[in-house]
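Let's take a look at how this protein chain is put together. Have the sequence and the 3D view open as you read.

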Amino acid sequence: NIPSEKVSQFVHACAQVVALIERREGELQAAETESESLRLQRDIEAEAIAIIEQSGLTRQEYLQLLSLANVDPEFGERVATLLQESAT
C-alpha cells in the first residue's frame with residue numbers, strides 16, 4: 001500500500017520525465033557520433049534525476065514505483081489514470 005503522496009510525486013515526476021525525453025529525443029537521434037550520443041544520454045539522465053529529486057522522490061523510489069507500475073496491473077492502472085488526469 002503506497003501513500004497517495006508518493007503516488008502523486010511519482011506521477012508528477014513521471015509526466016515531466018516523459019516530456020523531457022520527448023523534447024530531447026530529436027537531439028539524441030541527430031547525434032552524429034557515439035560520444036555525442038552518450039553525452040546527450042548523460043545530460044538527459046542528469047536532468048531526469050533532478051526532476052525526480054525535485055518531486056520529492058529519490059532515484060531509487062522512482063525506479064521502484066516505475067517497476068511496480070509495470071508489474072502490478074492495479075497500480076499501473078492507477079498511475080495511468082493519474083497521468084491522463086494530469087495531462088488535461
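## Before you start

This is a predicted model, in which local features need pLDDT of at least 70 and side-chain atom pairs count only at pLDDT 80 or more, while totals for chains, interfaces and linings use all residues. Residues are numbered from 1 along each chain as its sequence is written, and side-chain values use heavy atoms, with hydrogens and water left out.

## The nonpolar core

The largest nonpolar core has 17 residues, and Phe10, Val17, Ile52, Leu57, Tyr62, Phe75 and Val79 touch the most other members. Four helices, α1 (4-30), α2 (34-54), α3 (59-71) and α4 (73-87), each supply at least two of its residues. The biggest share comes from α1, with 7 residues. A core here is a set of buried Ala, Val, Leu, Ile, Met, Phe, Trp, Tyr and Cys residues joined through side-chain atoms within 4.5 Å. Helices are DSSP runs (H or I, at least four residues), numbered from the N terminus.

Leaving aside residues up to four places away in sequence, Phe10 touches Leu57, Tyr62, Leu65, Leu66 and Val79; contact means heavy atoms within 4.5 Å.

The axes of α1 and α2 come within 10 Å and cross at roughly 165°. That makes the two helices roughly antiparallel (angles over 145 degrees). Axes are lines fitted to C-alpha atoms, for helices over the stretch in contact, and angles run from 0 to 180 degrees between N-to-C directions. The residues of this contact divide into 10 nonpolar, 3 polar and 5 charged.

On the α1 side, Ser4, Val7, Phe10, Val11, Cys14 and Ala15 meet Phe75, Arg78, Val79, Leu82, Leu83 and Ser86 of α4.

Ser55 is found in the loop between α2 and α3. Is Ser55 buried or exposed? Ser55 is buried, at a relative accessible area of 10% (buried means under 20%, exposed over 50%, partly exposed in between, with a 1.4 Å probe and protein chains only). Not counting residues up to four places away in sequence, Ser55 touches Gln9, His12 and Ala13.

Glu45, in helix α2, counts as partly exposed because its relative accessibility is 40%. Glu45 and Val17 are 28 residues apart in sequence, and their C-alpha atoms are 9.3 Å apart in space.

Note on methods
Parallel < 35°, antiparallel > 145°, perpendicular 65-115°, else oblique. Nonpolar A, V, L, I, M, F, W, Y, C, P; charged D, E, K, R; others polar.
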